[in-house]
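Here is a short report for a reader meeting this structure for the first time. Please look over the sequence and the model before reading on.

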Amino acid sequence: MLTLASKLKRDEGVKTGRPPGGPSDSSHRVSIRDRLLIKEVAELEANLPSTCKASFPDENKLHHFQLAVSPDEGYYQSGTFHFEIDIPEAYNMVPPKVKCQTRIWHPNIAETGEICLSLLREHSIDGTGWAPTRTLKDVVWGLNSLFTDLLNFDDPLNIDAAEHHLRDKETDQCVDVD
């Protein structure tokens, strides 16, 4: 029976000129996560929202990157919000870890940077949490939507921000807490 592990070893042997089953150099191994990321990053770059910019500090580490979101409408228009995205080795069975690096007064982002976005939940009651069929593109579009149509005041992570918005709907503006 051909397993994924044996196929990857055989393919790697063909690429490096080593016979399958021979001694391998672990520095030439490419994890399944990294193979997925090569494809997903290319797709992401081709379909990035106009309000987002992804940057990779180390082009050899696609599992760690930054995202800048600059909403062009709504309460957060004209702001730029930075996120750090780390993709664990178990990706795509588990979601990426995302943290907002910009302190912001937002009902779905805690002042410490934690994010309430259902697709980033490994287990979700409503069934909209992470699934292996989701991609980085879904994550980026979800983060972008936090500033427009996914702005949720009914089930907030930052209760004070949600209450502030509901209390002062007419005068609410983007508040930078720095």
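This is a predicted model: local features need pLDDT of at least 70, side-chain atom pairs count only at pLDDT 80 or more; totals for chains, interfaces and linings use all residues.

L67 stands opposite F83 in β3.

Four strands form an open sheet in the order β1-β2-β3-β4, with antiparallel pairing. β1 and β4 are the edge strands, each pairing on one side only. From one strand to the next, the twist averages 20°. Helix α3 packs on this sheet and touches β1, β2, β3 and β4. The direction of α3 makes about 35° with that of β2.

Now take the strand pairs. β1 covers residues 52-55 and β2 covers residues 64-69; four bridges join them, and they run antiparallel. K53 has A68 in β2 as its bridge partner. Six bridges join β2 to β3, which spans residues 81-86, and this pair is antiparallel too. H64 has D86 in β3 as its bridge partner. In a regular strand, side chains alternate between the two faces of the sheet.

**The loop between β4 and α3**

β4 runs over 97-100 and α3 over 136-145; P107 lies in the loop between them.

Is H106 buried or exposed? H106 counts as buried, because its relative accessibility is 0% and the cut-off is under 20%. Its side chain also has a polar atom 2.9 Å from the backbone nitrogen of N108. Leaving aside neighbours within four places in sequence, H106 is in contact with Y76, L146, F147, L151, N158 and A161.

P107 is buried as well, with a relative accessible area of 1%. Which residues does P107 touch, not counting those up to four places away in sequence? They are Y76, L151, N152, F153, P156, L157, N158, A161 and A162. L146 is 39 residues from P107 along the chain, and their C-alpha atoms are separated by 9.5 Å.

**C116 and the other cysteines**

The UniProt record, an unreviewed entry, places the feature "active site" at C116. What does C116 contact, leaving aside its neighbours within four places in sequence? The contacts are N108, R121, L146, D155 and L157.

C116 counts as buried at 18% relative accessibility. C52 is buried, and so is C100. A search of the whole structure finds zero disulfides.

| Residue | Relative accessible area | Class |
|---|---|---|
| H106 | 0% | buried |
| P107 | 1% | buried |
| C100 | 5% | buried |
| C52 | 9% | buried |
| C116 | 18% | buried |

**In brief**

The sheet has the strand order β1-β2-β3-β4, with α3 packed on it. H106 is buried, P107 is buried, and C116 is buried. The record's "active site" feature falls at C116.

Definitions and conventions:
Residues are numbered from 1 along each chain as its sequence is written. Side-chain values use heavy atoms; hydrogens and water are left out. Helices (H or I, at least four residues) and strands (E, at least two) are DSSP runs, numbered from the N terminus. Buried means under 20% relative accessible area, exposed over 50%, partly exposed in between (1.4 Å probe, protein chains only). Contact means heavy atoms within 4.5 Å. A polar contact is a pair of N or O atoms within 3.5 Å; within protein, one must be able to donate a hydrogen and the other to accept it, and residues adjacent in sequence count only if both atoms are side-chain atoms. Two strands pair if DSSP finds at least two bridges between them. UniProt positions are given in the numbering used here, feature names are shortened, and annotations may be inferred rather than shown by experiment. A disulfide is a pair of cysteine sulfur atoms within 2.5 Å. Axes are lines fitted to C-alpha atoms, for helices over the stretch in contact, and angles run from 0 to 180 degrees between N-to-C directions.
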